[in-house]
Amino acid sequence: MSDDVITSGAVNNRPIPIETIREAVDIVVFSHGPATVEAPEPQCDYPKLCGEHCTYPRYARNGEPTGLVGKVLIQLGFPLKLLLDLDREHEMSELLHPGVKIGRSRNAALIRLGPKGIALLTFFQENQKSGKSWGNLSREAFGPKKLLRRRDMKRRPWRY
Ligand SMILES: [Zn+2]
């Protein structure tokens, strides 16, 4: 049996290489089309905190992964339950509104992504609703560097 098969009940703690995360991004972007532009989050249950559009991350909606980050997590083999847990998690010191940024989550399952994977998904999370297409975001994440190496390493640690 391949060790890629997760037997029921076993917790998979193996780190996911950044190349695998990049492949998952490519698959998600290709299958949805690189021109995909994410719509702003609709009004949430906390209009006084968010106004017209929700400003908190959302990973699943109606039982489906939502957004580039949610879809990449599912593509990587994480269960939908992780997304639901992230949607319910509160950021440290946030009492009212659930929904945690991927880099601030205390969910142990995310350790597998490593600091580079988290940095990459944080980049997508911060930009996925900016009106840029997923193809453009993926090019910004993995394309040739436009900055000096030292600055690029700071901005895109997942490339090094
Ligand atoms: Zn909200």
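A nonpolar core is a set of buried Ala, Val, Leu, Ile, Met, Phe, Trp, Tyr and Cys residues joined through C-beta atoms within 7 Å. A residue is buried if 20 or more other C-beta atoms lie within 10 Å of its own, exposed if 12 or fewer, and partly exposed in between, with C-beta atoms placed from the backbone.

This is a predicted model: local features need pLDDT of at least 70, side-chain atom pairs count only at pLDDT 80 or more, and totals for chains, interfaces and linings use all residues. Residues are numbered from 1 along each chain as its sequence is written.

Start at the core. The largest nonpolar core holds 24 residues. Those with the most contacts inside it are Leu68, Val69, Val72, Leu73, Leu83, Leu121 and Phe124. H1, H3, H4, H5 and helix H6 (134–142) are the elements that give two or more residues to this core. Helices (H or I, at least four residues) and strands (E, at least two) are DSSP runs, numbered from the N terminus.

Next, the packing of H1 on H3. Helix H1 covers residues 18–32 and helix H3 residues 67–75. Their axes come within 9 Å and cross at roughly 120°. That makes H1 oblique to H3. Angles under 35 degrees count as roughly parallel, over 145 as roughly antiparallel, 65 to 115 as roughly perpendicular and the rest as oblique. Axes are lines fitted to C-alpha atoms, for helices over the stretch in contact, and angles run from 0 to 180 degrees between N-to-C directions. H1 passes H3 in a right-handed crossing. A crossing is left-handed if the near helix is turned anticlockwise from the far one by less than a right angle, and right-handed if clockwise.

H1 brings Ala24, Val25, Ile27 and Val28 to the contact, and H3 brings Leu68, Lys71, Val72 and Gln75. Two residues are in contact if their C-beta atoms, placed from the backbone, lie within 7 Å. By class, this contact of H1 with H3 has six nonpolar, one polar and one charged residues. Ala, Val, Leu, Ile, Met, Phe, Trp, Tyr, Cys and Pro count as nonpolar, Asp, Glu, Lys and Arg as charged, and the others, Gly among them, as polar.

H3 also packs on H5. The axes of H3 and H5 come within 8 Å and cross at roughly 145°. Leu68, Val69 and Val72 of H3 meet Leu121, Phe124 and Gln125 of H5. Five of the residues in the contact of H3 with H5 are nonpolar, one is polar and none is charged. Leucine 68 also touches Val28, Glu38, Gln128 and Trp134, among others, not counting residues up to four places away in sequence.

Now the loops. Most residues other than glycine have a negative phi. Asparagine 62 has a positive phi, near 50°. Asparagine 62 is in the loop between strand E1 (60–61) and strand E2 (64–65). It is exposed, because 5 other C-beta atoms lie within 10 Å. Serine 93 has a positive phi too, near 70°. Serine 93 lies in the loop between helix H4 (80–88) and helix H5 (114–127). With 5 C-beta neighbours inside 10 Å, serine 93 counts as exposed.

Proline 98 is also in the loop between H4 and H5. Proline 98 has 17 other C-beta atoms within 10 Å, so it is partly exposed. Beyond its neighbours within four places in sequence, proline 98 contacts Asp87, Arg88, Glu89 and His90.

Serine 130 sits in the loop between H5 and H6. It is exposed, with 11 other C-beta atoms within 10 Å. Serine 130 and valine 37 are 93 residues apart along the chain, and their C-alpha atoms are separated by 8.7 Å.
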